[in-house]
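Here is a short walk through one structure. Keep the sequence and the view side by side as you read.

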Amino acid sequence: MDRLKRVASVLAVTLTAALLSAAPAAAQGCPVKIGGILPLTGSMAPITKKIAQSAELAIEHVNQGGGVKGCPVQFILRDDQGQPTVGVDAAKYLVEVDRVPAFTGTISSGVTGPIISSVTAPSKVVQITCCSTASPFTLDGRSGGYFFRTIPTSKTQAYATASETVRRGMKKTVVIYINTDFGTDMLRFYKTAVTKLGGAEVIAEVPYTDNQPSYRAEVTRALAAKPESLLLIGFPKDAVTIVREWLSLGGTKSIALNNSMRTMDFVNGVGAKFVEDVFGMDNAQVAGPHVDAFNKAFEEKFQADTKGPGVHTQYDALMVMALAMNIAKDLTGPSIKDAVRRVHAPGGSVVGTGPAEYKKALELIKAGKPIKYFGATGPIEFDANGDVTGPALVWKIKDGQIVTDRIITIEDMQVLFKRIEN
Amino acid sequence: MLSYLVFFACIVLILGMLTLALNLQWGFTGLFNAGVVGFYAIGAYTHAILTAAPQPRYVGNFGLPWIVGVLAAMAATALAGWLIGMLTIRLRGDYLAIATFGVAVSIQLVALNWEPLTGGSQGLARIGKPLAELFPTPFGFNLWFLGLMFVLMATIYWALDRVLMSPWGRALKAIREDETAAVALGKSARRFRLEAFVLGSTLMGLAGALYVSFIGFVSPFDFLPIVTFQVWAMLIVGGSGNNRGALLGALIVWAIWAGSGVAVAKLVPPSHAAQGAAIQVILIGLLLMLVLLFRPRGLIGEAAVVSRHVND
């Protein structure tokens, strides 16, 4: 028992000391703290490495460019191990003990979700994620407007598809979609968009399960609605079967497809001559000087390219956060939340990536002038829900090859979002 | 700080409840349940589906009161525990472990794929919290929840203590130590094992319901096999076969799990956070090894007393 008591007392003392040493942190004063939560270990660790480096680069640029409200920024990065309980605990500690008014993170939607509902929303702190795309997070009001993300969700593709079907005058559309969160999200957003844009309508919705040998039942159900066009949302292997059965049972050749079908496997699988009238959608890469500047800075610092998920969006998440903290009248969650929307203000002066541009932004903010941030992922403008959009491209099949039909720029996309959501 | 500690204590008590439940199954009855997280998930999802705010996308989300969710969660896990127990309880040791592990993985996969009911990978949000409208601030709510947890935990602890001291509890230990001897004395080993299994599962379900009503969100990522491992680590560190040990183990293991993250964030610059985080995981493993080496029966091992009348 003695040994036990000794162990217990040593543990108690160490714990208390560790907790107390971290305790008193004023909400304001130098340095300004920004929190971060990423799965540094666990199954996501391989992709997180570059994302964490990108975060480090953003903080370095912020500090070189003048920090936040004249103070250097201290970045406190915590590991969520890909585990919800660990992530929530880290977020709670950041907010209650380190007293960060805003934090970035995390990757897995299963960790971001409980953080939003148990920390971000009730404690009114700002959370900007690089990577969690689960659509409901921004939609049903659970975040109280404190949650933002710098990564486009499936909404972007669905809206672009809707605008293209309307542009092409496709009528009486039947939607066959894969029954996963991706498929149901796409369908939901597509329907919202075509209803708002007018001119097209969805006359039937047919879900399908992947990896079936035949989809005759689904196709027959779809054709029973007497459609004039088809929107197929799914993945190439099943889509080949579905389109072949669709055409052989007398379906029209007016078919719209999602990004996954932009592969020769699909075109050759169905037969190029049968799919001359189809079009599809995909995300397009943003280009421009601000994107290049980020890529160059990252490559120089880490001797690695910027390919991979979340690298660009993580940089923007932190740059937006730091700019918003400078614009906000004080460093409280509600003020920062409102300021996030003024990082890309209409009529503002364009500021880009890197320390020099950040410095320029701070001078403009000090002078009371609006700014317009163009980040590593292009212009960062949040919609009413806290989502961003991205550019898209329309592709078609010509002479047996996949070719780009046209590009929908990010500016066009932002106009489209406003038309659909307002 | 205080607000964090209250939050921390709530999580410890929820994990403690899981550890107590496992202690009943493993510590007292010798049932190697490697699917703790499966029962935790059934309780959590039952509560979430019944109490979450209604949404047209989902067939569940009935928006029922918190208490209905909690009671239904216990009933559902009891039923699941009974069904799974009926099928697997005659398996011994590691065979039972494999069976229960498989069940838990299946439950998690069902949660991931039965989207209209469970929300799939996107999870369910706005789950019923007890009297949330009376406590608008997060600190106020957490404090009230902590009080609630204390009352529940005290009740469960007392009840388990009574039950384990009773002849029923002694029969469990007898079966654990020597099943043949217990059967020779006329005890139905199967019945006792099943009862302990169902009772433990019910408690795990309760812990699941409490967890999601505390956090307000549930998704399949809450129920990965690592949770089972954590609960086992808590029981082994604290002391299998001792309820105080189980609770102490929950406190210490979770304090190290969460606290080492704080220490790493304080001591390691963000540029080396990835390496620091790896050290954190190594620390946790090291602790487990040290406990097993120096205190193989856990920090507080099982008391040698068989009956409180022995010393009379």
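Lys172(A) is partly exposed, because 16 other C-beta atoms lie within 10 Å, and a residue counts as buried at 20 or more and as exposed at 12 or fewer. This is a predicted model. Find Lys172(A) in the loop between α6 (154-167) and β6 (173-178) of chain A. Its backbone stands out. Lys172(A) is not a glycine, yet its phi is positive, at about 40°.

Leu131(B), a residue other than glycine, has a phi near 50°. Look for Leu131(B) in the loop between β1 (124-125) and α6 (138-165) of chain B. Is Leu131(B) buried or exposed? Leu131(B) has 11 other C-beta atoms within 10 Å, so it is exposed.

Go back to chain A for a peptide bond. The bond from Gly105(A) to Thr106(A) is cis. Its omega is near -5°. Thr106(A) sits in the loop between β3 (102-105) and α4 (109-123) of chain A.

Now turn to the nonpolar cores. The largest one holds 179 residues. Which members touch the most others? They are Val320(A), Met321(A), Ala324(A), Tyr40(B) and Ala207(B). Helix α1 (residues 2-28) of chain B gives this core its largest share, 18 residues.

Tyr40(B) belongs to α2(B), and Ala207(B) to α9(B). Two packed helices are described by the angle and the distance between their axes. Here the helices are α2 (residues 36-51) and α9 (residues 189-215), both of chain B. Their axes come within 7 Å and cross at roughly 50°. α2(B) and α9(B) are therefore oblique to each other. The crossing is right-handed.

What meets where α2(B) and α9(B) touch? From α2(B) come residues including Val36(B), Phe39(B), Ile42(B), Gly43(B) and His47(B). From α9(B) come residues including Ser201(B), Met204(B), Gly208(B), Tyr211(B) and Val212(B). By class, the contact has 13 nonpolar and 7 polar residues. It has no charged residues.

Methods:
Residues are numbered from 1 along each chain as its sequence is written. Chains are lettered from A and ligands numbered from 1 in the order in which they are written. This is a predicted model: local features need pLDDT of at least 70, side-chain atom pairs count only at pLDDT 80 or more; totals for chains, interfaces and linings use all residues. Helices (H or I, at least four residues) and strands (E, at least two) are DSSP runs, numbered from the N terminus. A nonpolar core is a set of buried Ala, Val, Leu, Ile, Met, Phe, Trp, Tyr and Cys residues joined through C-beta atoms within 7 Å. Axes are lines fitted to C-alpha atoms, for helices over the stretch in contact, and angles run from 0 to 180 degrees between N-to-C directions. Angles under 35 degrees count as roughly parallel, over 145 as roughly antiparallel, 65 to 115 as roughly perpendicular and the rest as oblique. A crossing is left-handed if the near helix is turned anticlockwise from the far one by less than a right angle, and right-handed if clockwise. Two residues are in contact if their C-beta atoms, placed from the backbone, lie within 7 Å. Ala, Val, Leu, Ile, Met, Phe, Trp, Tyr, Cys and Pro count as nonpolar, Asp, Glu, Lys and Arg as charged, and the others, Gly among them, as polar.
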